[in-house]
Amino acid sequence: MHANHPQVLDQIQQSVRTILGNLHKQRGIINTFLIYDDGRATTTDAGDDEVGVAANLTPLLAFSSEAMLLKGDRPRIITLDMAKQLVEIHRLGSASLVCICRKNKDPAVYRAAINTAVYMLDRVFLLLNDLQGGSSHS
């Protein structure tokens with residue numbers, strides 16, 4: 001396994017895009033992003049500027065986390081209710097899954113898919129962490 005270790009890590013990391021892609025296909029979901037605390041971002045929509053998205057959302061993620069910490073909480077889910085969209089932000093260790101959803105759709109339409117993606121990403125990050133010797137998400 002040691003000789004194939006880099007390829008195994010690459011394939012596991014690619015599974016993040018697959019999970020995001022499956023989530024993006026769900027009715028009611030406009031787009032999905034995974035934003036890491038170091039500013040990197042992953043999205044499945046080729047039309048989106050990953051760096052721009054990360055730059056715009058990173059301060060919001062930091063602010064919302066700090067606000068909750070002041071109240072003695074560590075947020076796992078933050079929901080932003082906007083005019084035409086709902087933005088759900090799910091904390092996953094050192095990354096945040098951001099789902100932009102249609103407000104005119106019942107959240108029950110996409111909630112299970114988001115919860116499944118959160119579960120799967122959490123497992124992928126645990127596996128990557130173990131394979132990389134305990135370092136943070138990649």
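Is Arg91 buried or exposed? Arg91 is buried, at a relative accessible area of 12%, and this comes from a predicted model, as does everything in the views below.

**View 1. Arg91 and its polar partners.** Arg91 belongs to strand E4, which covers residues 85-92. With a relative accessible area of 12%, Arg91 falls under the 20% cut-off, so the residue counts as buried. Its side chain makes a polar contact of 3.1 Å with the side chain of Asp37. The Arg91 side chain also gets to the backbone oxygen of Ala95, at 3.5 Å.

**View 2. The aromatic pair, Tyr36 and Phe125.** Here's the 1 aromatic pair that the structure holds. The ring centres of Tyr36 and Phe125 are 6.3 Å apart and the planes meet at 65°, so this one goes down as edge-to-face. Tyr36 sits in strand E1 (residues 29-36) and Phe125 in helix H3 (residues 108-131), so the pair ties together parts 89 residues apart in sequence. As for solvent, Phe125 is buried, with a relative accessible area of 1%.

**View 3. Arg40 over the Tyr36 ring.** The charged end of Arg40 sits over the Tyr36 ring, 4.3 Å from the ring's centre. Tyr36 itself has a relative accessible area of 6%, so it lands in the buried class, which is anything under 20%.

Definitions and conventions:
Residues numbered from 1 in each chain as written. Predicted model: local features only at pLDDT ≥ 70, side-chain atom pairs only at ≥ 80, totals over all residues. Heavy atoms only, no water. Helix = DSSP H or I, 4+ residues; strand = E, 2+ residues; numbered from the N terminus. Buried < 20%, exposed > 50% of the residue type's maximum accessible area, 1.4 Å probe, protein only. Polar contact = N/O pair within 3.5 Å; in protein donor to acceptor, adjacent residues only side chain to side chain. Phe/Tyr/Trp six-rings, centres within 6.5 Å; stacked < 30°, edge-to-face > 60°. Lys NZ or Arg CZ within 6 Å of the ring centre and 35° of its normal.
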